[in-house]
Amino acid sequence: MAGRFAPRTPTTRTTYRGGHIPVPTAQGRDLEQDQDLDLGLTLGPLRRGPGDPTFRTTADGSVWRASRTPDGPGTLRVRIRAGAVAAEAWGPGATWLLDGLPALLGGDDDPDAFVPRHKLLALTHRARRGLRLTRTGLVMESLIPSVLEQKVTADEAYRSWRLLVRKYGEPAPGPTPDGMYVMPDARTWAMIPSWEWHRANVDGKRSATIVRAARVARRMEEAAHMAPPEARKRLELIPGIGPWTSAETVQRSNGAPDEVTTGDLHLPGIVGWALAGDRTADDAAMLELLAPYEGQRHRAARLILLSGRVPPRRAPRLAPNDITAW
C-alpha cells in the first residue's frame, strides 16, 4: 500500500469563504517569432491525450499549459499574434514559465543540423518545417505519464493520468479554459493509497515506480540540467524505469534530439517499414537504419511518425486491460 491515508482534497476556487478567489494578475512576454514555428507540432508531445487536464488548445490558436514549477504551480498561454509569440502566465510559477519560454518553443534546438538522407525524410522535413524539439526543464511532469504508459495502450494511460490529476491535482491558476489542473506535487504522488491507483487502472508495478521516483523528486529534477545520456542514467537508477521510459522523458524535459526510444512495441517496425520496407525490424535494425542521423535520431523518428507511412495492420488492436474490476 503506497500510503495509509488519502491526501486531503485540494482546495478549489469555490471552497474558500465567500465562494470566490480573485483571478491572479497575468505576467506577459513577447518573443520575436521564428517564422516557421508551428506551436502544435512543437508542443504536441507534451499533451497526454485529448482530455489532458494540464494541456488545452483553443479556437484562437492558443496553447495552454498548467505546470508545477520549482516556484509553484503556474499556467502558461502561448499564441502567435502580430508576427510575434505572445505569452501570458499566472500563478507562483509564472515568472519561471516565462523565463523558460524560449527553450519550450525550441530555442535550444537546431533544425538545420538535420540532413535528410532518405526521400521520405526529405519530403517530411520540408513539409514540417515548423517542427522544433521542445525543452520543458521539468522532469517529473514527463516521467510520471511515461511510467503510466508502460505496457498498456495509450488510451488506458491517458485515462489514468486524467483521473489522477483531476483527483489529486489543483485547479490551474488564471482564467484558464474549464477543467485545467496542475499535476500533484511529489509528496501527494507518494501518498496516493493503493486502492486509488487501482481505481485509476494502474497496476502495482507502475504505481510503485511512480512512488519511488516521487520520493526522490528533487534528484530526478536535477536531470533536466544534465547532458541527455547522464540524465537517462540518473532516471534509470529508479527500479522500474528503463530505457524506454527514460528516453520518453528526456526527449521532453531536455529537448534531446538524439535520444531515440528503444523497447517500443511499434516504433522499430514503423521505422523499418518507412526506411527499408521491413515491418519486422527490431531495435537493433532500427538503430542501424537511424545510424546516418547520429545526433538527430530522435528528430528522424519524429519525422517518420509525422510522415504517416506505417505498415498495414495485420492484427486487431491490443485489447485494454481493465484491472478496476479485479
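## Ground rules

Contact here means heavy atoms within 4.5 Å. This is a predicted model, where local features need pLDDT of at least 70 and side-chain atom pairs count only at pLDDT 80 or more, while totals for chains, interfaces and linings use all residues. Residues are numbered from 1 along each chain as its sequence is written, and side-chain values use heavy atoms, with hydrogens and water left out.

As for confidence, pLDDT is the predictor's own score for each residue, from 0 to 100. The chain averages 91, and 92% of the residues score at least 70. Over residues 1-21, though, the pLDDT is below 50, and this stretch has 39 contacts in the model beyond near neighbours in sequence. Where pLDDT is low, the predicted coordinates should not be read in detail.

## The nonpolar core

Let's start inside. A nonpolar core is a set of buried Ala, Val, Leu, Ile, Met, Phe, Trp, Tyr and Cys residues joined through side-chain atoms within 4.5 Å. Buried means under 20% relative accessible area, exposed means over 50%, and partly exposed is in between (1.4 Å probe, protein chains only). The largest core has 32 residues, and Met140, Leu143, Leu164, Trp189 and Trp197 touch the most other members. Two or more residues each come from α5, α6, α7 (186-191), α9, α10 (217-221) and α11 (228-235). Those labels are DSSP runs numbered from the N terminus: helices are H or I with at least four residues, strands are E with at least two.

Leaving out residues up to four places away in sequence, methionine 140 touches Pro145, Met183, Ala213, Ala214, Ala217, Met220 and Glu221.

## The sheet

Now for the strands, which count as paired if DSSP finds at least two bridges between them. Five of them make an open antiparallel sheet, in the order β1-β5-β4-β3-β2. β1 (27-32) and β2 (55-57) are at the edges with a single partner strand each, so one side of each has no neighbour in the sheet. On average, neighbouring strands are turned by 20° against each other, direction ignored; the axes are lines fitted to C-alpha atoms, for helices over the stretch in contact, and angles run from 0 to 180 degrees between N-to-C directions.

β2 is joined to β3 (residues 63-69) by 3 bridges. Along that pairing, arginine 56 sits opposite tryptophan 64 and threonine 57 opposite valine 63. The two strands form a hairpin with 5 residues between them, and glycine 61 in the turn has a positive phi of about 90°. On to β4: 7 bridges join β3 to β4, with 2 residues between them in another hairpin. Tryptophan 64 has arginine 77 as its bridge partner in β4. β3 is mostly covered, with 6 of its 7 residues buried.

## Salt bridges

The whole structure holds 18 salt bridges, each a side-chain nitrogen of Lys or Arg within 4 Å of a carboxyl oxygen of Asp or Glu. One of them pairs glutamate 88 with arginine 77 at 3.2 Å, N to O. Glutamate 88 is in β5 (residues 84-90) and arginine 77 in β4 (residues 72-81), so the pair ties together parts 11 residues apart in sequence. Glutamate 88 is partly exposed at 23% relative accessibility, whereas arginine 77 is buried at 13%. Both belong to a salt-bridge network that also links Asp60 and Arg79.

Another links arginine 299 and aspartate 109, with the closest N and O atoms 2.4 Å apart. Arginine 299 is in α15 (residues 297-307) and aspartate 109 in the loop between α3 (101-104) and α4 (119-127), so this pair connects parts 190 residues apart in sequence. Both residues are buried. Glutamate 236 and arginine 232 also meet, at 4.0 Å, N to O; glutamate 236 is partly exposed at 32%, and arginine 232 is buried at 13%.

## Two residues with positive phi

Most residues other than glycine have a negative phi. Lysine 151 has a positive phi near 60°. Lysine 151 lies in the loop between α5 (140-148) and α6 (154-168), and is exposed at 83% relative accessible area.

Asparagine 201 also has a positive phi, about 65°, and is in the loop between α8 (194-199) and α9 (204-215). With 7% relative accessibility, asparagine 201 is buried. Not counting residues up to four places away in sequence, asparagine 201 touches Glu156, Arg159, Ser160, Arg206, Asn321, Asp322, Ile323 and Thr324.
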